[in-house]
Amino acid sequence: MMAPEAVGDDVFWLIIRGVEGYRVTLGDVVLPPSTRLRVTKLGPQKVTPYQLLSLANFTSDGALLTVVFSAESTDYTYLEACMRLVGSTGDVSFLSSGAEDYFLSASYFDEGMFKTENSGLTFYDGKGSLSAYKVHTRDFVPVQPGGSLVFRVGEQTQGCGDINTCPSQFCVRGTKAKPDKADTGVRMSNNITYTTMVLHYEWDTPTATDAPPFLSMLFKAVEGRYMTSETAIAINDKPEIEDQELKILKACGPPASPCLMIRKQNLQRRCCGGWWGLPFEGIDSSTTA
């Protein structure tokens, strides 16, 4: 977002540095070889009070990288808004209780501008306009095909929260909210403009057939994001699991790589999951069942 006094056309120079042939990492998570970066831009767009905006729609498995948000208004009441991650089935996960805490600040950014590796406020006029960013390197947020990142202009609160309201109370998963009245929200300006940009990684989701036969059952469990006790028992009953575990871990990379934890003889063991598309090169599958 350019300063209000800037006039005419300006040229911005960027230096892009990097290397080819290396795996992409997000924080301490090594991403699959098929990982690619997607950029979704919105606006400048006039918005209305309590309007829901899809900042990005996801078509593949992936993870959020960066969210950039700019707004122009006559006050900051639009910041009373929760950032929502909506799943493919419509389930809602709240990433914040308001705009300021999503960008790791508070109280309408009354401390002014700041810049860190995790977030920042790069423009703030104290009247109603600002520009902020959030980088998800330390708080990994996975996304699913059919899901979306949704923000709102202002907010209303009630109960456990949903796509139309922000939570007014903490609810344990599976429990119902205590009766309360819906918040009518705050009065906002009718002259608000949003400009956003979302960067997220996406990758191809491997299928169970991509894995060695030895890993097919584990692959299916992780691909479905679950592991039943029957699946764990079936895998653990294979005598070659002991020898293969070390080979799998070696092929998958450092212990920080995303892995599925399974229990065997009261010991926690890591088995890398196929949903992440981690490489299995170097595994000797000739001894697998």
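**Reading rings and strands**

In strand β12, L149 is the bridge partner of L85. This comes from a predicted model.

Reader: What makes β6 and β12 a pair of strands?

Author: Two strands pair if there are at least two bridges between them. Strand β6 (residues 84-86) and strand β12 (residues 148-152) have three bridges, in the antiparallel sense. They belong to an open sheet of four strands, in the order β4-β12-β6-β7.

Reader: Why do β4 and β7 count as standing at the edges?

Author: Each has a single partner strand, so β4 (52-57) and β7 (92-94) are both left with one side that lacks a neighbour in the sheet. The twist from one strand to the next averages 30 degrees.

Reader: On to the aromatics. How many aromatic pairs does the structure hold?

Author: There are eight.

Reader: Why is the pair of F69 and Y194 called edge-to-face?

Author: Planes over 60 degrees apart count as edge-to-face. The planes of F69 and Y194 stand at 80 degrees, with the ring centres 4.8 Å apart, so this pair is edge-to-face. F69 lies in strand β5 (residues 61-72) and Y194 in strand β13 (residues 192-203), so the pair ties together parts 125 residues apart in sequence.

Reader: How do you know whether F69 is buried or exposed?

Author: Buried means under 20% relative accessible area. F69 has 2%, so F69 is buried. Y194 is buried too, at 1%.

Reader: And what makes Y102 and F103 edge-to-face?

Author: Their planes are at 85 degrees and their ring centres 5.0 Å apart, so this pair is edge-to-face. One aromatic cluster includes F69, Y102, F103 and Y194.

Methods. Residues are numbered from 1 along each chain as its sequence is written. This is a predicted model: local features need pLDDT of at least 70, side-chain atom pairs count only at pLDDT 80 or more; totals for chains, interfaces and linings use all residues. Side-chain values use heavy atoms; hydrogens and water are left out. Rings of Phe, Tyr and Trp (its six-membered ring) pair if their centres lie within 6.5 Å; planes under 30 degrees apart count as stacked, over 60 as edge-to-face and the rest as tilted. Helices (H or I, at least four residues) and strands (E, at least two) are DSSP runs, numbered from the N terminus. Buried means under 20% relative accessible area, exposed over 50%, partly exposed in between (1.4 Å probe, protein chains only). Axes are lines fitted to C-alpha atoms, for helices over the stretch in contact, and angles run from 0 to 180 degrees between N-to-C directions.
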